[in-house]
Amino acid sequence: MQVFPRDFQLPFIRKERVAKDAWKFYFDRSGIADLDFLPGQFIKMILDIENPDERGFSRTFSITSSPLDKEYLTITTHIIQSAFKKALYNVTPGTDVKFFGPSGRFVLHDEDTFPHIFLAGGIGITPFHSMITYSAQKNLLIPITLFASFAKDEDMLFYDELMTISSNNPNSKIIYTLTKLGKLQGAWSGETGRIRPELVRKYCPDFQNAHFFITGSPHMVDAMLAMVKEMDISDEQVKKERFVGY
């Protein structure tokens, strides 16, 4: 399927806190029957702001929801003290919000057969939530392994949802790793530390045949690119998307 970016508006429905400083925002997409996107794509949101900062009236967000979720379109983001994020947090239900998109080539294709290894840092997990949910809904046979790195347990996004998908889908493997245990000190049985070659080899012994998808902050993406290069992964096997200016 090929989709083309365009201007559109969606009514804001509600927001839901999903981590310490992260919220999921729901928009009603049921009124636009031909609004399509590919799992992994992003949209630009435009808000009316009285006193915008130097970055202006718009931000880009990965679409968190699956293309098959026809009722809602969701984005998930950290709420920080910028003029735009304050305006987003305070949008009232029923307000029509302007968008442009979808855009981006960092996507999952139904016809892919090679193993996919997703490397996510923090909020960079958002496009992978769309991809993994979509793959499970369509019963795709693509082998997917997600490595998601967060600082503390209260920062983790989508843990319960993705673990449930993994438990019901043999083609999806989900690994969360924490760099600071926080309240889970002594209770966390999962992985710790940053994403590293031995962690990838542990869960993906056939990693050399996989394609790597990397998202997160510029620093995280650069570190992961250096890692996969050291693992002799070719540039043709790597896709990346840097999240700038959360």
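Predicted model: local features only at pLDDT ≥ 70, side-chain atom pairs only at ≥ 80, totals over all residues.
**Exercise 1. Explore the largest pocket: find its volume, the residues nearest its centre, and the element that gives the most to its lining.**

Solution. Let's begin with the idea behind the search: rolling a probe the size of a water molecule over the atoms shows where empty space is left.

- Step 1: The volume of the largest pocket comes to about 460 Å³.
- Step 2: Its lining is made of 18 residues, and those nearest the centre are Gly121, Gly122, Ser149, Arg194 and Met220.
- Step 3: Now look for the elements. At least two lining residues come from β8 (144-150), and at least two from α5 (218-230). The top contributor is α5, with four residues.
- Step 4: Sort the lining by class, and you get eight nonpolar, seven polar and three charged residues.

**Exercise 2. Describe how helix α2 packs against helix α3, and decide whether the two are roughly parallel or roughly antiparallel.**

Solution. Two packed helices are described by the angle between their axes and the distance between the axes.

- Step 1: Locate α2 at residues 126-137 and α3 at residues 159-168. Their packing angle is about 30°, and the axes are 11 Å apart.
- Step 2: Angles under 35 degrees count as roughly parallel, so α2 and α3 are roughly parallel to each other.
- Step 3: For handedness, the crossing of α2 past α3 is left-handed.
- Step 4: Pick out the contact. From α2 come His129, Ile132, Thr133 and Ala136, which meet Glu161, Leu162 and Ile165 of α3. By class, this contact holds four nonpolar, two polar and one charged residues.

**Exercise 3. Examine the backbone at Pro102 and at Asn139, and place each residue in the structure.**

Solution. Take the residues one at a time.

- Step 1: Going from Gly101 to Pro102, the peptide bond is cis, and omega is near 0°. Pro102 belongs to strand β6, residues 96-103.
- Step 2: Asn139 has a phi near 55°, a positive value in a residue other than glycine. You will find Asn139 in the loop between α2 and β8.

Methods: Residues numbered from 1 in each chain as written. Heavy atoms only, no water. 1 Å grid on protein atoms, 1.4 Å probe; cavity = no way out; pocket = protein on both sides within 12 Å on 5 of 7 lines; lining within 4 Å. Points joined across faces, edges and corners; volume = space filled by probe spheres on them. Nonpolar A, V, L, I, M, F, W, Y, C, P; charged D, E, K, R; others polar. Axes fitted to C-alpha atoms, helices over the stretch in contact; angles between N-to-C directions. Parallel < 35°, antiparallel > 145°, perpendicular 65-115°, else oblique. Left-handed = near helix turned anticlockwise from the far one by under 90°. Contact = heavy atoms within 4.5 Å.
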